[in-house]
Amino acid sequence: MNPSWMPATLLLGVVCCCLAADGVPSITAPNSMTVESYPQFASFGGWPYNVSYDKRALTLNGQDVLFISGAVHPPRGTPDDWKTWLRTARQNGLNMVQVYIFWNFHEEVEGEYNFEGRGNLTLFMQEAADAGLFVNLRIGPYVCAEWTYGGIPAWLGLKDGVAFRQTNDIWQPAMQKWFNVVIEQMANGSFFATQGGPIVLVQVENELPSTDKTYVEWCGTMAHDALDAVGVQVPVTMCNGQTASTAINTCNGNDCTSFLESHGQNSRVLVDQPALWTENEGGFQTWGGAPPPGQEPYFWGRTIADQSLSIMKWFARGGSHMNYYMYV
């Protein structure tokens, strides 16, 4: 995807002015450096900082801030590609990258982990930090992401009695083990905000349609327990569906205005949770293809004007984070 079509730089000027006019002050990092309401990770100089939220926005060290990010999936490129992607993200005015973790890429065979080459998450996080970008770590472990089985390993589906993404004594222990593997690796590299690293958000599950409330709440508790176990704290999110009471409900879609106006799918957005748009879905077009007559261009490529309008409506109605999906 050519990132030059994305109106990030244009939008930043308008949105940041709106945020500043709303009375949001700049923040002071632990090293006494002043950081603007649209922060850059590099401004923190490797010092630990606190990430939380109020009904208006995510907060860094207690101050409301704005994030505009782009989705980057490390295994879809090489480490050499990562440098270009991240540099381009900065050049286009983004201050965050959003990263899906593909379980079945890293554990293709049960118990055998691949964190080399395209799977080197530690290297990717360091590259993001070096580029001065914050990170939203979307672990899942089901992620969809137009990836085979949504990231779920084939070996797990072959286990007798397994039931995916619900209360199940095979699925849950496997999911928890993998989630903790990722969290522990990121903590060992000091990549979380409270360690001075770039990771400011962690997502569990993805677009969960389940009505299994016990499982939904377990996801939130499990994710927080994993963070507590390694002594780090960042907010946990769940997107576009069922959301645990301990997680922020976020929106995926090509226009999330109605999500805001209804206070999200948990009735808490702009009430006691910020409005976070985790997937602004620009769509894609198959080679040589075109949308059928009368079909909305949801997955056929949207115009700059259409995407810009939806983004500006989002911020005008109270949004404080927007992510281009997929940026590359």
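The buried residues of helix H2 pack against strand E7 (96-100) and helix H4 (121-130). Contact here means heavy atoms within 4.5 Å, and buried means under 20% relative accessible area, with exposed over 50% (1.4 Å probe, protein chains only). Helices (H or I, at least four residues) and strands (E, at least two) are DSSP runs, numbered from the N terminus. The model is a predicted one, in which local features need pLDDT of at least 70 and side-chain atom pairs count only at pLDDT 80 or more, while totals for chains, interfaces and linings use all residues. Residues are numbered from 1 along each chain as its sequence is written, and side-chain values use heavy atoms, with hydrogens and water left out.

The buried residues of H2 are Trp82, Trp85, Leu86, Thr88 and Ala89. They lie on the same side of H2 because they cover an arc of only 160° around the axis, the arc being that of the directions from the helix axis to the C-beta atoms. An α-helix has 3.6 residues a turn, so residues three or four places apart point the same way. On the other side of H2, Asp80 and Gln91 are exposed. Just after the helix, glycine 93 has a positive phi of about 90°.

Elsewhere, the largest nonpolar core has 87 residues, and Phe192 and Val202 have the most contacts inside it. Helix H6 (residues 171-188) gives the most to this core, with 10 residues. A nonpolar core is a set of buried Ala, Val, Leu, Ile, Met, Phe, Trp, Tyr and Cys residues joined through side-chain atoms within 4.5 Å.
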